[in-house]
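Hi there,

Here is the structure I promised to send over. My notes on it follow below, with the cut-offs spelled out along the way.

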Amino acid sequence: MSGVIVGFGVIASVVVIGYMLGRIPLLGPGAREVLSRLAFYVASPALLFTILARTDLSILVSDRVLVSVLSVVAVALVFLTAGILRRWGVGRTTVGMLGSSYVNAGNLGIPISVYVLGDATLVAPILLFQLLVLAPVSLTVLDLNNGRVRGFGPVLRRSLGTPVRNPVVIASVAGVAVSASGWVPPAPLMEPFELVGGMAVPAMLLAFGISLHGSSVPGRGGPDQVPVLLAVALKSAGQPLAAWTLGSLVFGLAGADLFSVVVLAALPTAQNVFNYATQYRTGETLVREVVLLTTLLTVPALFAITFLLG
């Protein structure tokens, strides 16, 4: 559990630095947007390519992977249904759905997989699913909504073309292709990607910290209160419960296997979702509050899971 505390401590420290930068403001009024664009278009694609290019794709075939994927889909569908019934709009519903289900599998999932679960590869399947399925589908919806494309033909062409034009998706597919080919890129070729990719997490966390300056207390009043509270409840409680139910009652997982899928499901909402909301200028306040609240709730959630299942 010390690894969990260290991981959260590092993340909190960088977010606090971002918040102070927002107070000064040392980097100017456009700092958040610049950092978000840097992460989205340059650093994140480089980071994801290096991670996925070295992932053994054979880990995708297991009951644990299916449980993780189904738990993500289950809570996403709950929020999607609520968004449709409450008429929250396409943009807010889409980013809220991501906020309720998109696991922080990168900068927090990896250290927790190493220090708590003892295997860094455990987080790779859910990372792949989010990057290659959940993110492309959601980003396509956001692109179509912002572009206001009309007619079946244009919608179909844009739907098929949007993932191909997205730098995050391009890098993810390229990384999977390299891994599937069995080719091991030489170290000098990968070093530039590693160097640039190293900026991704700090840039996202700093942008998130800057956005907190001047913001209201999360979850209190405003038009986003209901979707925020629903997304937080689904992410912090609903998704771990879904993983436990599916794992133990449907797939018969037990011991370390069941513990690992529940721990991964309890991870907070990824900062990537805030980055997506910023890029598409929709639901930014909603996502910021969901990321903050789920991050705060993850520590007690992981302690509870460890006590009950560990």
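One convention to start with: a crossing is called left-handed if the near helix is turned anticlockwise from the far one by less than a right angle, and right-handed if clockwise. Please keep in mind that this is a predicted model, where local features need pLDDT of at least 70, side-chain atom pairs count only at pLDDT 80 or more, and totals for chains, interfaces and linings use all residues. Residues are numbered from 1 along each chain as its sequence is written, and side-chain values use heavy atoms, leaving out hydrogens and water.

**Helix packing**

The crossing of α11 and α14 is right-handed. (Helices are DSSP runs of H or I with at least four residues, numbered from the N terminus.) Helix α11 (residues 225-250) packs against α14 at an angle of about 30°, and their axes are 9 Å apart. Those axes are lines fitted to C-alpha atoms over the stretch in contact, with angles running from 0 to 180 degrees between N-to-C directions. Because angles under 35 degrees count as roughly parallel, α11 and α14 are roughly parallel to each other.

**Salt bridges**

A search of the whole structure finds five salt bridges, each being a side-chain nitrogen of Lys or Arg within 4 Å of a carboxyl oxygen of Asp or Glu. One of them joins Glu 284 to Arg 32, with the closest N and O atoms 3.0 Å apart. This pair links distant parts of the chain, as Glu 284 is in helix α14 and Arg 32 in helix α2 (residues 31-53), 252 residues apart. Glu 284 counts as buried at 16% relative accessibility, while Arg 32 is partly exposed at 26%. (Buried means under 20% relative accessible area, exposed over 50%, and partly exposed in between, with a 1.4 Å probe and protein chains only.)

Glu 33 has two partners to look at. Arg 37 meets Glu 33 at 3.4 Å, N to O; being four residues apart in helix α2, the two are separated by about one helical turn. Arg 281 also forms a salt bridge with Glu 33, the closest N and O atoms being 3.1 Å apart. Here, too, distant parts of the chain are linked, 248 residues apart. Through shared partners, Glu 33, Arg 37 and Arg 281 are joined into one network.

**Backbone**

Arg 281 lies in the loop between α13 (271-280) and α14 (284-309), and has a positive phi of about 50° although it is not a glycine. Arg 281 counts as exposed, at 58% relative accessibility.

Happy browsing!

Methods
Angles under 35 degrees count as roughly parallel, over 145 as roughly antiparallel, 65 to 115 as roughly perpendicular and the rest as oblique.
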